[in-house]
Amino acid sequence: MAAVLTFEQNDAVCQDAPCGWILYTAIERERNRFYITCYEKACEKYGMTAAVGIYEPPLRWDTQAKAALAKFVIAAKPAFVINRTRDYRLAQALETLGVHVYNDSLIAKLGNDKAKAYEFMGKRGTPMMPVCEAFDTPRWFPAVMKSRSGHGGTEVFYIKDQLQWQEWKTHHAKALQSYLAQQAASDLGRDLRVYIVGNQITAAVLRTSATDFRSNYCLGGSIALYQLTKAQRTLVEHMIEPLAIGMAGIDFVFHHGQLMFNELEDMAGARALYTLSDYDIADDYIRYIRQSCPTCQ
């Protein structure tokens, strides 16, 4: 089955340059109507247009799928693509066709495979809690079992001791390869999201929960704007220096008060940011694309 791209309107083909695509899966498109409106308004503000596309992943990214996508791209000639599908393979295929993709395939890969993100950030010397494969007995408890591809606090489990780990392992026997085990940070129910636009730190939100070890806003956590210290800013800037981030969130947990890398969200939500401030991160993102995309000049 070839890759499928469908659009809400018959405007996938660029009539007025610069114009591009904003791609979601069908489910994520429905969840992100607010952000789509923000993107569309910002595109209009900066003299661009964007068609919202629905992406249905192919069963295999084979020659047939890539050829079908290439035919569509050649006909439509998008100046840029905002990839909100979480599929790095789609980003890779578009990049091969010469399309400017935000975020690029590396960011999409790191944002949707925690094992690859930990490996990448570990090579940068980034502080993080110890991690191992889920089928190995953790050398420390309490531990957090987390899906390699989970988002929004889903598929995350707090394990207080070896007995609980054995029970969890038995229950999840068929899915062990898709999970990681990580030592739990000392400051449970407290984490920090740092927002990045154009490889620049633009905002940070502290999330806390008094009832859950997870502090995600979508799970009922409390939120507050957070001012990074000079040392914390230096840490984040060092982490992202080799990357080309269009827009993303970098999440940290606190271990005895120190920031420890938790995950990179290539499709970071910003409800908390819009709730707490007048900062329009979608507008900032589109402005960055207008300035950085060669075919948008």
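In the protein, residues 24 or more positions apart account for 68% of the contacts (heavy atoms within 4.5 Å) with a separation of 6 or more. The model is predicted: local features need pLDDT of at least 70, side-chain atom pairs count only at pLDDT 80 or more, and totals for chains, interfaces and linings use all residues. Residues are numbered from 1 along each chain as its sequence is written, and side-chain values use heavy atoms, with hydrogens and water left out.

The protein holds 10 helices and 14 strands. These are DSSP runs numbered from the N terminus, with at least four residues for helices (H or I) and at least two for strands (E). The C-alpha trace spans about 60 × 45 × 35 Å along its principal axes. The radius of gyration, taken over C-alpha atoms, is 20 Å. A compact globule of 297 residues would have a value near 19 Å, so the two agree. The globule rule is 2.2 Å times the number of residues to the power 0.38. Buried residues make up 52% of the 297 residues. Buried means under 20% relative accessible area, exposed over 50%, and partly exposed in between (1.4 Å probe, protein chains only).

An open sheet is formed by 5 strands in the order S12-S11-S10-S13-S14, with antiparallel pairing. Strands pair if DSSP finds at least two bridges between them. Strand S12 (222–225) and strand S14 (258–265) stand at the edges. Each has a single partner strand, so one side of each lacks a neighbour in the sheet. Neighbouring strands are turned by 30° against each other on average, direction ignored. Strand S13 (residues 247–255) pairs with S14 in the antiparallel sense over 7 bridges. Phe254 stands opposite Leu259 in S14. The charged end of Arg190 sits over the ring of Phe254, 3.9 Å from its centre. This term requires NZ of Lys or CZ of Arg within 6 Å of the ring centre and within 35 degrees of the ring normal.

Helix H8 (residues 230–240) lies across strand S10 (190–197), strand S11 (200–208), S13 and S14. The helix runs at about 130° to S13. Axes are lines fitted to C-alpha atoms, for helices over the stretch in contact, and angles run from 0 to 180 degrees between N-to-C directions. The loop between H8 and S13 contains Pro242. Pro242 is partly exposed, at 40% relative accessible area. Residues up to four places away in sequence aside, Pro242 touches Phe120 and Arg124. Asn199 is 43 residues from Pro242 in sequence and 9.5 Å away in space, C-alpha to C-alpha.

Aromatic rings were paired as follows. Rings of Phe, Tyr and Trp (its six-membered ring) pair if their centres lie within 6.5 Å; planes under 30 degrees apart count as stacked, over 60 as edge-to-face and the rest as tilted. The count by this rule is 12 aromatic pairs. One is Phe34 with Tyr35: the ring centres are 5.4 Å apart and the planes stand at 70°, so the pair is edge-to-face. Phe34 is partly exposed, at 47% relative accessible area, whereas Tyr35 counts as buried at 10%. Tyr39 and Tyr285 also pair edge-to-face, with centres 6.2 Å apart and planes at 65°. This pair links distant parts of the chain, 246 residues apart: Tyr39 lies in helix H2 (residues 33–45) and Tyr285 in helix H10 (residues 281–292). Both Tyr39 and Tyr285 are buried. Ring pairs also link Phe7, Trp21 and Phe72 into a cluster.
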